[in-house]
Amino acid sequence: MREPEPPTPEPEPEPAPVFVSRAERRRALDEEPKDRLTWALTIYALILFAVPTLGFSAVLGLLAVTGRTVNASPFLLSHYVYQQRTLWTAAIAALVGLILIVVNLGIFVLFLLAVWTIARGAAGIWRLKNAQPISNPRTWFF
């Protein structure tokens, strides 16, 4: 009797390329529906306008981005998750800042929140316009 041969291991999939050329990114961006790109850009605008509108546009942005992760491409999904993370974190930090006004720390917290929100919104727009996904959308940094 012959001994059965050991099973051959499955070939591992090739890793995604680390470097993607600008032309390839532009081509992927051109394949995205224009209304979805406009929607993502609009939400970033609402994030940027959150500071001068005292958070009103942030509430609108949060309502607009909630549920947008369904049927989104990986490129847009990274931006939607980044936007949701930005808006929810900003809402919680604004609440903490308002509470801390009682002990004179709230103004400092709200100022840092304003700078952080504007920086994240600008970073998101920059990456969207350059056809780059957000590499780690769940981070608190940029």
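Colleague: How many helices and how many strands does the secondary structure of the chain come to?

Modeller: This is a predicted model, where local features need pLDDT of at least 70, side-chain atom pairs count only at pLDDT 80 or more, and totals for chains, interfaces and linings use all residues. Residues are numbered from 1 along each chain as its sequence is written, and side-chain values use heavy atoms, with hydrogens and water left out. Helices (H or I, at least four residues) and strands (E, at least two) are DSSP runs, numbered from the N terminus. Read from that end, the elements go α-α-α-α-α, and the count is five helices and zero strands.

Colleague: OK, what share of the 142 residues in the chain is buried?

Modeller: Buried means under 20% relative accessible area, exposed means over 50%, and partly exposed is in between (1.4 Å probe, protein chains only). Of the 142 residues in the chain, the buried ones make up 34%.

Colleague: Let's look at helix 3. Why are its buried residues said to be on the same side?

Modeller: The buried ones in helix 3 are Ser57, Ala58, Gly61, Leu62, Ala64 and Val65. The arc is that of the directions from the helix axis to the C-beta atoms. These residues sit on the same side of helix 3 because they cover an arc of only 165°.

Colleague: And which helices are included in what covers those buried residues of helix 3?

Modeller: Here contact means heavy atoms within 4.5 Å. The cover includes helix 2 and helix 4.

Colleague: Which exposed residues does the face turned away from the buried side of helix 3 carry?

Modeller: Phenylalanine 56 belongs to helix 3, which spans residues 56–65. Its relative accessible area is 57%, so Phe56 is exposed. The exposed residues on that face are Phe56 and Leu63.

Colleague: What about aromatic rings: which two residues form the pair?

Modeller: Rings of Phe, Tyr and Trp (its six-membered ring) pair if their centres lie within 6.5 Å; planes under 30 degrees apart count as stacked, over 60 as edge-to-face and the rest as tilted. A search of the whole structure turns up one aromatic pair. With 6.4 Å centre to centre and 55° between the planes, this tilted pair is tyrosine 44 and tyrosine 82.

Colleague: How many residues apart in sequence are the parts that this pair ties together?

Modeller: Both tyrosine 44 and tyrosine 82 are buried. Tyrosine 44 lies in helix 2 (residues 34–48) and tyrosine 82 in helix 4 (residues 74–100), so the parts tied together are 38 residues apart.
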